[in-house]
Amino acid sequence: MTDARFTKDHEYVRVSEGVGVVGISDFAQSQLGDIVYVELPAVGAKINKGEQLATVESVKSANEVYAPVSGEVVEVNSDLENAPASVNEDPLGKGWFVKLRLTDESELASLMDASAYEGFIKTL
Amino acid sequence: MLDQPRKETREATFTGNRGLDQEEPLLFEIGRRDVTGVDIDAPESFTPRLGGLERKEPIGLPGLSEPEAMRHYVRLSRKNYSIDAGLYPLGSCTMKHNPRLNEKVARLEGFADVHPLQPQSTAQGALQVMQELADWLLTLTGMAAVALSPKAGAHGELCGLMAIKSAIASRGEAQTRKVMLVPSSAHGTNPASAALLGFSVRTITTGDDGVVHVDAVRAALGSDVAGIMLTNPNTCGLFERDIVEIAQAVHEAGAYFYCDGANFNAIAGVARPGDFGIDAMHINLHKTFSTPHGGGGPGAGPVVFSKLLAPFAPAPSLARDEKGLRLVEQAEGESFGRLTAFHGQMGMFVRALAYMLSHGGDGLAEASRDAVLSANYIRASLRDVLTQPFGDRLCMHEVLFDDSWLHGTGVTTLDLAKAMIDEGYHPMTIYFPLVAHGAMLIEPTESESKASLDLFIATLRDLARRALHGEADAFHAAPRFTPRRRLDETLAARKPVLRCDAPR
Amino acid sequence: MRYHPLTEADRREMLSKIGVARIEDLFADVPQELLLRDGLPLPQGQSELAVERHMARLAAKNLTASRAPFFVGAGAYKHHVPASVDHLIQRSEFLTSYTPYQPEVSQGTLQYLIEFQTQVALLTGMEIANASMYDGSTACAEAMLMAHRITKRRKAVLSGGLHPQYADVARTVAKLAGDEVDALAPDVRASEDLIAHLDDEVSCVIVQTPDFFGNPRDLTALAEACHRRGALLVAVFTEAVSLGLLESPGRMGADIVVGEGQSIGNALTFGGPYVGLFATRHEYLRQMPGRLAGETVDAEGRRGFVLTLSTREQHIRRDKATSNICTNSGLCALAFTIHLSLLGEAGLTKLARVNHANAVKLADMLARVRNVDVLNDAFFNEFTIRVKGDAAALVERMAGHGVLAGVPVSRLLPHAGLDDLLLVANTEINTDEDRATFVAELEGAL
């Protein structure tokens, strides 16, 4: 079980020392199919919870990824440019999108833990 | 199956060719930089006056002699499906017969070899073509004015919305009316055109019966709404029954009605959009009036306007004075400006006019009726096997099925489409409109004989039987008899290769 | 009707299968008061013979470029197109196919599109090109919008040497999209200072070479200045043949190169259909409008082609698409690519030299005519002359004598005080006899 927390839009964030690693869940990648491109924000961008953070594209779809928490982008996963397949292969590991320095850690409380998220996707 | 070794699916030949199915390398693999298929006399010696801006490096372009070029492009052509070769039931695209008379007249020297900026006194015949085409379009639609210059359907949408935006601005409401209503069944160009002009798109949910209800429109209307974009007949192949009430509601709310005329071919000569109460509509000459699609263009998308919007139409427009016909080339008065250089797709105007003259008013109505008849015949002949998202009801010129009948078979809409290719058919439009799951949109047009329709129906029934009887593997392997098997679109998007190498 | 295969008997059988009595019953969803019970006041259908006669009568009213000494350009050019080009583009499989959405039965279209994209990229000196746009003027407006997306700025500077109708199209789009345009005054001698118009709001400078008045322009310093200010340089051409002889805009530093491809492979046809060329740098790929063909492999590992990166486009992105464009100019792009592969580098270079040589010859002849000044120091196959009096009236007089002399600048710039300027184009079609007639008629008409 991962220590990440999830949104209903299938983003996850895993926080350590005030910095959250953000990506999309294994369920989300399986629904999207082969990911061909991920458009990432600029380092330094300040993004509020629920605002668009990235765009993830499969061959026939473009989907917006929203910030699970508010924060400033401190790093983006530039490896995705040449290897977007990592999102399919290892969404919670090598397939991460961005690192956010959280502005309000209390926002995490509104997110689901892994078991709650498992239960949530069973209802879909 | 996809993972079967090559020798089991294809009998190998030394060349890779299989009889008439010939492989063809890229131009950049066969062309040479020092070969040309055009003999040009060298100029006498002269002193260049290029201001020192001559090219300093070679370009890298390959050349072919004429026989090589003929063979290259003829071989390429043979890898394409075409309406001339078979039924092409792409819903909402209208692949009907392209009469060759129209090609012949478009190539008359008096049309093909006339410059857009030569004196208008020397191009009166060209202007008369435009005038006659405009007259036909206005009579068929019952509208007040027409702009011929839009280059395609989406360009026509832009034209119509620009007129609406200008009309709103002239009322001093540019800052308050910034919303465009678009139904969920709309073609993607509708929201894209609206967004380009800074409108925000408010989606109207299509009803359970596949049409937009006037109540849903009323609920979405308000003092912030500039207009509505509605396709009629719509992308589900259904006539928007509430259209007159919708037009009234839109006008009462101070907004304008843009009708997407992509499916005008269902009603041309049968009903006039002007009588619905619309304010603007584009007409795809490449659909309703059968100018050839040419592998993806060129199209032409003239826009007709109501009296309300006519003053805002773009330049150029046609006028008549004592010397004859005249193009007004500068935007005057409230005209919103110019959409393209020159005057529009003249080559398409000539073809469309020849098509209209050949049909006459009676023939155009017959074309619409036969198109609707053929679509309903397909519906009636497949309704016991395939499923319809909005129930079994009369359709217009195209019939929409969904994939619920395939549920549990392991066969998808895409698999079915690829299996149709092996049977010698171009597939129908698939996965559009988005409001139907796994959509299959079939538009036979008026160009098919009954025997052709019957064979198509029998083929689909056989494919359906096979899909429902557990032959999913065969569907996944399709197409098998094409120059290429299924292509890896993921690889193409992940590692884009958008040009070939320079010549050897 | 000769195009309709269904017989009355067929129709009756089909109606019976559907379960309705009359074809009119199929239109039950149309409000019945809207149905045209008595048809429309339109002529009845006509035979092929009758239609052809009518169209031929209209065609005969036009004076064609082949029947007159012809010097008209200003964005559309008369060139010789080999007979094989028109034959090939009329093949059913090219003419009557749709957009290649089903790649397994569209490899012909997809392969020529990637060949076309490569030719355009090489010609413009850019890394990538799309599968074509409607025409040069709309490609130019799309380039402006693309520059806005990339720079996140919303002001375009338009050179005074940009074709006036291209400028009008860009202005119209900008006005209605809520963007700003800084359009410079007509610049007959390429003496404007575009760099002075750069500021931190400018997304792009749009400049044409050879410009509307015929001047080839060196874009190198302008490109550098644009890049220093975070703006893009959009280079425009309206005569593609010029790229056979002139330095490519890409090598001069342009970020987006757009232009009109008509003059290779396509007839004049009174202004359309033509084919817009659109090329840029690889880094801007995702912001490019229009269709793209790309290479891939099939299920058996063989090379094949598909439409790709369509997530940029309207059918997927809808209101967030890079453009509302749905079509390209496929058949005109095919004509372009066939003609250019027939020419090859050797043929194109030679064709461009002949064009330039002919224009030099005419310019030298005109320099000796009283009351005529050739204004260009440099040009490719078109230049501007100043005549005594009104150029438009002069052109009309010469047309009356069967000479199509060129485009009066006032036709496109009616209020610029340039009524005495005439654009004169000279391509490989013009003979020494044409030029002699032109000069003689000009002297007579002045």
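Helix axes are lines fitted to C-alpha atoms over the stretch in contact, and angles run from 0 to 180 degrees between N-to-C directions. This is a predicted model, in which local features need pLDDT of at least 70 and side-chain atom pairs count only at pLDDT 80 or more, while totals for chains, interfaces and linings use all residues. Residues are numbered from 1 along each chain as its sequence is written, and chains are lettered from A in the order in which they are written.

Chain B has 17 helices and 12 strands (DSSP runs numbered from the N terminus, with helices being H or I of at least four residues and strands E of at least two). Its radius of gyration is 26 Å, close to the 23 Å that the globule rule gives for 504 residues, so chain B is as compact as a globular protein of that length (the radius is taken over C-alpha atoms, and the rule is 2.2 Å times the number of residues to the power 0.38). The C-alpha trace of chain B spans about 75 × 70 × 45 Å along its principal axes. Of the 504 residues in chain B, 61% are buried (20 or more other C-beta atoms within 10 Å of the residue's own, with C-beta atoms placed from the backbone).

Between chains B and C, 178 residues of chain B are in contact with 171 residues of chain C (C-beta atoms, placed from the backbone, within 7 Å). Helix 10 (residues 330–367) of chain C supplies the largest share of the chain C side, 21 residues.

| Helix pair | Axes come within | Crossing angle |
|---|---|---|
| Helix 13 (residues 346–382) of chain B and helix 1 (residues 8–18) of chain C | 8 Å | roughly 45° |
| Helix 11 (residues 391–400) of chain C and helix 13 (residues 432–445) of chain C | 10 Å | roughly 120° |

Helix 13 of chain B and helix 1 of chain C are therefore oblique to each other (angles under 35 degrees count as roughly parallel, over 145 as roughly antiparallel, 65 to 115 as roughly perpendicular and the rest as oblique). Their contact involves B:Leu373, B:Asn376, B:Tyr377, B:Ala380 and B:Ser381 from helix 13 of chain B, with C:Arg11, C:Met14, C:Lys17 and C:Ile18 from helix 1 of chain C.

Within chain C, helix 11 is likewise oblique to helix 13. There, C:Leu394, C:Arg397 and C:Met398 of helix 11 meet C:Glu441, C:Leu442 and C:Ala445 of helix 13.

Technical notes:
Buried ≥ 20, exposed ≤ 12 C-beta atoms within 10 Å, placed from the backbone. Contact = placed C-beta atoms within 7 Å.
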